[in-house]
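Have the viewer open as you read.

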Amino acid sequence: MNTMGVIVSGRLPQTDFQQVGQSQFLFNIADADNLNHIVVFLTGTVALPDGMAGAVYFSWPDPSAPPNWQYLGHISNSKPSAIFKISQLKKLNEMQDNPTSNIFGSQPISHIAQIGISIEPEANIMQQTPSTSATSYLQFGQKMLENFFNFASSFAVTQAQMVPNPTETFVPLSTLQTWYTNFQRRLQQNPNFWKS
């Protein structure tokens, strides 16, 4: 029975999922290069068990590696559909390792995108942070770093221009440049590193 479906923007709905575990389901999405938005929905034919929801994951095709799952959000009986912007996730997928890479078991290397839905207790799902939030953190962090560096650099003076002031502390601009470079590298490797 088709209880779930997926709509890729500009395409017909898909309800042809594969069950790959007791509560894990996969949708294969062909021609993934031009994907921008997807909708995941419950068809309404059968409700999810009480207290359960569907955690929605997405994996870009990578011809040299097994799927790397990125959490998008969830669907539930009270939220039977959700739309996700996935165009930003490709860059995020290329920049970080993902601890949920084996959530749907060991799948063969794929040349098509996949959407995975894992039926889990809704309370557990609500604790997760969508990958799209990580993309927003990355973009915010980069803009904040650039703004701070530009602001601080606007006050730079050469050593010859410095006026002695015993109450002022000076930091070499090269120190700020090193910090900026290191922080940006860490942010690109893991947009959530600042949470730990």
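Val 40 has Ala 82 as its bridge partner, and Ala 82 sits in strand 7. Keep in mind that this is a predicted model. The two strands involved are strand 4 and strand 7 (residues 81-85), which pair antiparallel through 5 bridges.

Strand 4 (residues 37-42) also pairs with strand 1 (residues 4-8), again in the antiparallel sense and over 5 bridges.

## The open sheet

In what order do the 5 strands of the open sheet line up? Reading across, the order is 2-3-8-5-6, with antiparallel pairing.

Which strands stand at the edges? Those are strand 2 (18-19) and strand 6 (70-75). Each has a single partner strand, so one side of each is left without a neighbour in the sheet.

At the strand 6 end, the partner is strand 5 (residues 52-59), joined to strand 6 by 5 bridges and running antiparallel to it.

## Aromatic rings around Phe 27

On to the rings: the model has 8 aromatic pairs. Take Phe 17 and Phe 27: their ring centres are 5.9 Å apart and their planes meet at 70°, which makes the pair edge-to-face because the angle is over 60 degrees.

This pair links distant parts of the chain, 10 residues apart: Phe 17 is in the loop between strand 1 and strand 2, while Phe 27 belongs to strand 3 (residues 24-29). Is Phe 27 buried or exposed? Phe 27 is buried, with a relative accessible area of 0%. Ring pairs also bring in Phe 25, so that Phe 17, Phe 25 and Phe 27 are linked into a cluster.

## A stacked pair between helices

Another pair is made by Phe 149 and Tyr 180, with ring centres 5.2 Å apart. Their planes are at 25°, under the 30 degrees cut-off, so this pair counts as stacked.

Here too, distant parts of the chain are linked: Phe 149 is in helix 3 (residues 131-153) and Tyr 180 is in helix 4 (residues 173-189), 31 residues apart. Phe 149 is buried, at 16% relative accessible area, and Tyr 180 counts as buried at 13%.

Conventions. Residues are numbered from 1 along each chain as its sequence is written. This is a predicted model: local features need pLDDT of at least 70, side-chain atom pairs count only at pLDDT 80 or more; totals for chains, interfaces and linings use all residues. Side-chain values use heavy atoms; hydrogens and water are left out. Two strands pair if DSSP finds at least two bridges between them. Helices (H or I, at least four residues) and strands (E, at least two) are DSSP runs, numbered from the N terminus. Rings of Phe, Tyr and Trp (its six-membered ring) pair if their centres lie within 6.5 Å; planes under 30 degrees apart count as stacked, over 60 as edge-to-face and the rest as tilted. Buried means under 20% relative accessible area, exposed over 50%, partly exposed in between (1.4 Å probe, protein chains only).
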